[in-house]
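Have it open while you read.

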Amino acid sequence: MTTALLIIHGLVAVALLGAISHQTLATWAPAHARPGSFFSRFRAVPSASFANAIVVLYAVSALLGGIVYLYFRVDIRPDLERAGHWHALGLFDLKEHFVAIGLALLPAYWVCWRRPRADEPPRTRGALTSILAFIVWWSFLIGHVVNNIRGFGS
Amino acid sequence: MTSSHAFRRFAFAYGLAFAVLYVVALKLDLALITVYPTLGVVLPGTHHSRDVAGPSMAFLAPAMYWYGWTATAALGALMFGFIAALLPEQWTRRLWLGWFWLAPALAMIACVYLTMPWFRL
């Protein structure tokens, strides 16, 4: 059951990672009308249309992470403490904090993309998107590192 | 139209207040609830094992505070959000919009600072 939840959590995170990366790049470096390269096509997406999906994926991923976290605290973390993986535990703590802050930013993020005001500077929207993108990337990478800490390369 | 504006004020105030209150809750260890996953128990408030038994209890029944810190910040932010939603539009327009992304960014830096002890072990 825990493994299934962790895999679903990972799959949702992958979808979220893709969506937020597209949107962030499209926000800061919009492509020209006729994108030629792969990088140009990657950022040539209608950014606003990603907002709903990102909010839902982030919320679902946070919810699943919150459930899996219970098992992590009981089954995994004591082993990591005994093995002295303090840095990994510190990085994972940061992931928890960042995810909580990001979760609370979702309403403002959604408003910026779906109900933008005419006099609102686009920098606010871009900054909120970038913060969420950083949180998603951080969480994905740290979650992956902690998940694999006793596996390949250990 | 009016409800849309009110939700906008709520959303921005909630995000800003949550970021600030989360750091406060983390620094002062103000968890609304403490979760003991091995026991399946949720206690109101912040409970440390040394309050009720020996330090070894932390290994037998690990306590989780993250849910509590998040709940504390969420509850406080909800109050700020509702207050902001009730305020007249002119009042909130004076606030620099940059605070709504700068405050969370600063809160994340504060979280890094508060997590530094892990990296000194």
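The points below cover a hairpin, a surface patch and the cysteines.

1. Ground rules. This is a predicted model, where local features need pLDDT of at least 70, side-chain atom pairs count only at pLDDT 80 or more, and totals for chains, interfaces and linings use all residues. Residues are numbered from 1 along each chain as its sequence is written, chains are lettered from A and ligands numbered from 1 in the order in which they are written, and side-chain values use heavy atoms, with hydrogens and water left out.

2. In chain B, β1 (residues 33-36) and β2 (residues 41-44) run antiparallel and share 4 bridges. Strands here are DSSP E runs of at least two residues, and helices are H or I runs of at least four, numbered from the N terminus; two strands pair if DSSP finds at least two bridges between them. Across the pair, I33(B) faces P44(B) and V35(B) faces V42(B). The turn has 4 residues between the strands, and G40(B) in it has a positive phi of about 70°.

3. The patch. L95(B), W96(B), W99(B), L106(B) and I109(B) make a nonpolar surface patch of about 520 Å². Patch members have over 30% relative accessible area and no salt bridge; nonpolar side chains (Val, Leu, Ile, Met, Phe, Trp, Tyr) are joined within 5 Å, like charges within 9 Å. Areas are Shrake-Rupley with a 1.4 Å probe, and for residues only the protein chains shown count as cover. A salt bridge is a side-chain nitrogen of Lys or Arg within 4 Å of a carboxyl oxygen of Asp or Glu. I109(B) sits in helix α6 (residues 99-119) of chain B and is exposed at 54% relative accessible area (exposed is over 50%, buried under 20%, partly exposed in between).

4. The cysteines. C112(A) and C111(B) are both buried, at 0% relative accessible area. With a disulfide taken as two cysteine sulfur atoms within 2.5 Å, the count over all chains is 0.

Technical notes:
Buried < 20%, exposed > 50% of the residue type's maximum accessible area, 1.4 Å probe, protein only.
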